[in-house]
Amino acid sequence: MTPRERGIAALEMREPVDRVPFFELGFQLEEEAFGIRFPSRAELTAAGPGERERLMGRVVEVLIAIGERYDHSVLRLTGRVPTITFADQLWYLRRLSVEAGGRFLIGAMADGTLAIPNGRTMEAMAVQILEQRRETHDLARRRVREAVERSKRLIDAGADMILMCADYCFNDGPFLSPRMFGEFVTPYLHEQVRAIRAAGGYAVKHTDGNIMPILDQLLACEPSAIHSLDPQGGVDMAEIKALAAGRTCLMGGVHCGMMQTGSDADVVRSAKYCLYHGMPGGGYMFGLSNVAFKGLALERYELLHAVWRKYGRYPVAGFAADGEL
């Protein structure tokens with residue numbers, strides 16, 4: 001199967017006929033892997049029309065090279081892809097649709113739901129939610145409708161998948177209580193998911209942290225997939241697979257922190273645990289619980305890929321979820 005076909009099988013809750021799909025929310029090791037880098041936004045801004053198109057074409061080549069080398073099922077426009085206008089994102093999607101030759105799913109980002117505020121706005125948002133409920137709902141409604149329109153244009157340009165990357169949770173739980181989350185986030189997340197799916201796209205909800213107190217609400221919104229499955233936030237692959245099986249595709253789960261601070265055996269153990277519990281019955285895409293971040297040793301990522309190649313094959317063979325490769 002092609003990486004795209006594997007991804008579609010998982011999103012449709014089926015077992016691929018060969019390997020579990022491999023998905024990454026982001027891959028920041030292009031210099032280490034290929035000796036090349038993405039051009040910067042400043043370079044794009046300073047370039048003339050011909051040079052600008054050449055630079056943007058190089059971005060597309062790098063994205064495809066990453067997908068080919070690591071068998072990723074989704075090529076995604078991340079924040080590291082340089083853009084000046086929204087039209088640039090549409091250009092990348094159209095170009096990827098042609099250059100990738102249908103071998104990969106293509107993903108873009110749009111999420112209007114309320115997320116964990118930063119340190120500068122935390123207090124103001126808390127006051128607004130408590131004292132200005134109607135205004136908060138107006139804001140949530142407006143943001144999601146803008147995200148829906150953005151998502152439709154991204155899909156029309158070639159995106160198969162819209163990744164909704166507003167983070168909701170810290171390691172010890174969601175930034176809003178489940179009751180408040182149900183009021184200020186869930187209905188708007190559901191609206192955006194429905195709109196993306198009605199437009200022909202897969203709606204993938206990403207959030208780090210401990211999602212378990214709001215998992216029932218996330219599942220009720222019927223996203224195509226949920227990503228991160230953050231073990232640093234106490235999310236256990238075996239538990240969430242039992243709760244979500246048949247309802248949504250699960251993506252990620254490999255302990256991102258262990259990739260840098262753990263041993264090789266720790267990395268192998270986390271990867272095998274995710275495969276062992278995530279693969280049966282389909283509906284799972286293997287990958288990190290966040291991104292392959294800058295500063296991570298490429299050898300560690302190659303180790304992760306080696307675990308996938310050895311154990312990530314259907315039909316699922318018996319293997320111990322331990323640290324032995």
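The lining of the second largest pocket comprises eight nonpolar, three polar and two charged residues, where Asp, Glu, Lys and Arg count as charged, Ala, Val, Leu, Ile, Met, Phe, Trp, Tyr, Cys and Pro as nonpolar, and the others, Gly among them, as polar. The model is predicted: local features need pLDDT of at least 70, side-chain atom pairs count only at pLDDT 80 or more, and totals for chains, interfaces and linings use all residues. Residues are numbered from 1 along each chain as its sequence is written, and side-chain values use heavy atoms, with hydrogens and water left out.

**Second largest pocket**

- H13 gives the most to this lining, with four residues; helices here are DSSP runs (H or I, at least four residues) and strands likewise (E, at least two), numbered from the N terminus.

**Aspartate 18**

- Aspartate 18 lies in the loop that runs between helix H1 (3-11) and helix H2 (30-34).
- Because its relative accessibility is 13%, aspartate 18 counts as buried (under 20% relative accessible area; exposed is over 50%, partly exposed in between; 1.4 Å probe, protein chains only).
- Although aspartate 18 and tyrosine 314 are 296 residues apart along the chain, their C-alpha atoms are separated by 5.2 Å.
- Leaving aside residues up to four places away in sequence, aspartate 18 touches Met1, Arg6, Gly312, Arg313 and Tyr314 (heavy atoms within 4.5 Å).
- A polar atom of the aspartate 18 side chain lies 3.0 Å from the backbone nitrogen of methionine 1.

**Largest pocket**

- H7 gives the most to the lining of the largest pocket, with four residues.
- By class, this lining has eight nonpolar, five polar and four charged residues.

Note on methods:
A polar contact is a pair of N or O atoms within 3.5 Å; within protein, one must be able to donate a hydrogen and the other to accept it, and residues adjacent in sequence count only if both atoms are side-chain atoms.
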